[in-house]
Amino acid sequence: QVQLVESGGGLVQAGGSLRLTCAASGVTFRTSDVAWYRQAPGKQRESVASISSGVRTYYADSVKGRFTISRENTKSTLYLQMNSLEPEDTAVYYCNVKTRLNNYWGQGTQVTVSS
C-alpha cells in the first residue's frame with residue numbers, strides 16, 4: 001500500500017521560511033518523478049515544483065528563486081524548502097509521486113502566510 005505523508009506546514013509571517021517533507025512508502029521512490037502541488041481556497045491545484053528521477057527540476061515562475069525542491073532516495077523522502085514566503089503562497093501543499101503506471105497523492109499540509 002502506497003503512503004505519502006506530508007509534514008512541516010504551519011503558520012508563518014511573510015518573509016519567513018518553512019520546510020515541507022514528504023515521506024513515501026510502498027513505492028519505488030528512486031525511479032519515480034516527484035513533485036509538490038498546492039491548492040489555495042477557490043483555486044485549482046497547481047504545480048509548484050518537480051524533480052524527476054534523473055534529478056531534473058522544474059519550478060513555477062511564482063516560486064523561482066524562493067523555493068527549492070530536493071529528494072533523498074535512500075530515505076524515500078521529498079523536500080520543499082520555502083523561503084521568503086508571501087501571503088500568496090497560502091495553500092494546502094500536496095506531495096505527488098508518479099510511477100510508470102500510477103499517480104499518488106499525499107493528504108496535504110496547510111501552509112498559511114500572514115502579512
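Arg19 sits across from Gln81 in β8. Strand β3 covers residues 18-25, and its antiparallel pairing with β8 runs over six bridges. Strands here are DSSP runs of E with at least two residues, numbered from the N terminus, and two of them pair if DSSP finds at least two bridges between them.

This is a predicted model, where local features need pLDDT of at least 70, side-chain atom pairs count only at pLDDT 80 or more, and totals for chains, interfaces and linings use all residues. Residues are numbered from 1 along each chain as its sequence is written, and side-chain values use heavy atoms, with hydrogens and water left out.

## The four-stranded sheet

Zoom out from that pair and you get an open sheet of four strands, ordered β1-β3-β8-β7, with antiparallel pairing. At the edges are β1 (3-7) and β7, each of which pairs on one side only. On average, neighbouring strands of this sheet are turned by 15° against each other, direction ignored (axes are lines fitted to C-alpha atoms, and angles run from 0 to 180 degrees between N-to-C directions). As for what holds such strands side by side, strands of a sheet pair through backbone hydrogen bonds, either parallel or antiparallel.

Now for the charged side chains. The structure has six salt bridges, meaning a side-chain nitrogen of Lys or Arg within 4 Å of a carboxyl oxygen of Asp or Glu. Arg38 takes part in one with Glu46, at 2.7 Å from N to O, and in another with Asp89, at 2.9 Å from N to O. Asp89 is in the loop between β8 (77-82) and β9 (91-98) while Arg38 is in strand β4 (residues 33-39), so this pair ties together parts 51 residues apart in sequence.

Glu46 is partly exposed, with a relative accessible area of 36%. The cut-offs: buried is under 20% relative accessible area, exposed is over 50%, and partly exposed is in between (1.4 Å probe, protein chains only).

Arg66 makes a salt bridge with Glu86, with the closest N and O atoms 3.8 Å apart. That pair links distant parts of the chain, 20 residues apart: Arg66 is in the loop between β6 (57-59) and β7 (67-72), and Glu86 is in the loop between β8 and β9. Arg66 is buried at 11% relative accessibility, whereas Glu86 is partly exposed at 33%.
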